[in-house]
Amino acid sequence: MPTEPQPIEYATLREQIEGLLTEGKVHTRTAGEWEKVETYWHIGDALQSHFHGHPRAEYGQQVVRNLSRDRSLSQSVLWDVVLFRRSLPTLPAREEYGWTHVREVLHLPTQDQRLYYLRATQEGHWSTRQLHAAIQADAYSRHTDSPGAVPPDQDPLQGQPLRGIDCPELAAGA
């Protein structure tokens, strides 16, 4: 005779369901954020291709101004989209960061820094606030000065996982 499943207490059931709902919301938000990154990369690609046939800077400024007006996107977002596309010539496979993370790293001085922080964000599941704290604490310099650091001429997004990210500000819950 099959045994009946043991009833679990309501509080346990509620906690289980709340956990599943929270996990589902996080997954949905993360998936939606990546879709935005992907969309913006493709917009940047289209803009870059379009600008390639029109070498005058004034033309690009006019296009961005018109698109901003016609599509209700700020000019700064459109210029960031172009910079994003130029920074990453190929769109990486689905990643665990969103557009706010990308914008946080776009204006860093080197490609190595941008890639390092995006990789660290993905591996550490950093919020934008945590990423900002790591940048302010110059975790990149700490990492590149440490033994076993990924050489600057390698693409950290394709390399080994970043281990031992030395950023006490993140441990402090910044």
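**Salt bridges**

Modeller: Start in helix α5 (residues 111–124), where Arg 119 and Glu 123 both lie, 4 residues apart, about one turn of the helix. Helices here are DSSP runs of H or I, at least four residues, numbered from the N terminus. This is a predicted model, in which local features need pLDDT of at least 70, side-chain atom pairs count only at pLDDT 80 or more, and totals for chains, interfaces and linings use all residues. Residues are numbered from 1 along each chain as its sequence is written, and side-chain values use heavy atoms, with hydrogens and water left out.

Colleague: What do the side chains of Arg 119 and Glu 123 meet in?

Modeller: A salt bridge, 2.8 Å from N to O. The term means a side-chain nitrogen of Lys or Arg within 4 Å of a carboxyl oxygen of Asp or Glu.

Colleague: Is Arg 119 buried or exposed?

Modeller: Arg 119 is buried, at 12% relative accessibility. Glu 123 is partly exposed at 25%. Buried is under 20% relative accessible area, exposed is over 50%, and partly exposed is in between (1.4 Å probe, protein chains only).

Colleague: How many salt bridges are found in the whole structure?

Modeller: The search finds 5. One of them joins the side chains of Arg 103 and Asp 80, at 2.7 Å, N to O. That pair links distant parts of the chain, 23 residues apart: Arg 103 is in helix α4 (residues 99–106) and Asp 80 in helix α3 (residues 75–87).

Colleague: Which accessibility class does Asp 80 fall in?

Modeller: Asp 80 counts as buried, at 8%. Arg 103 is partly exposed, at 29%.

Definitions and conventions: Helix = DSSP H or I, 4+ residues; strand = E, 2+ residues; numbered from the N terminus.
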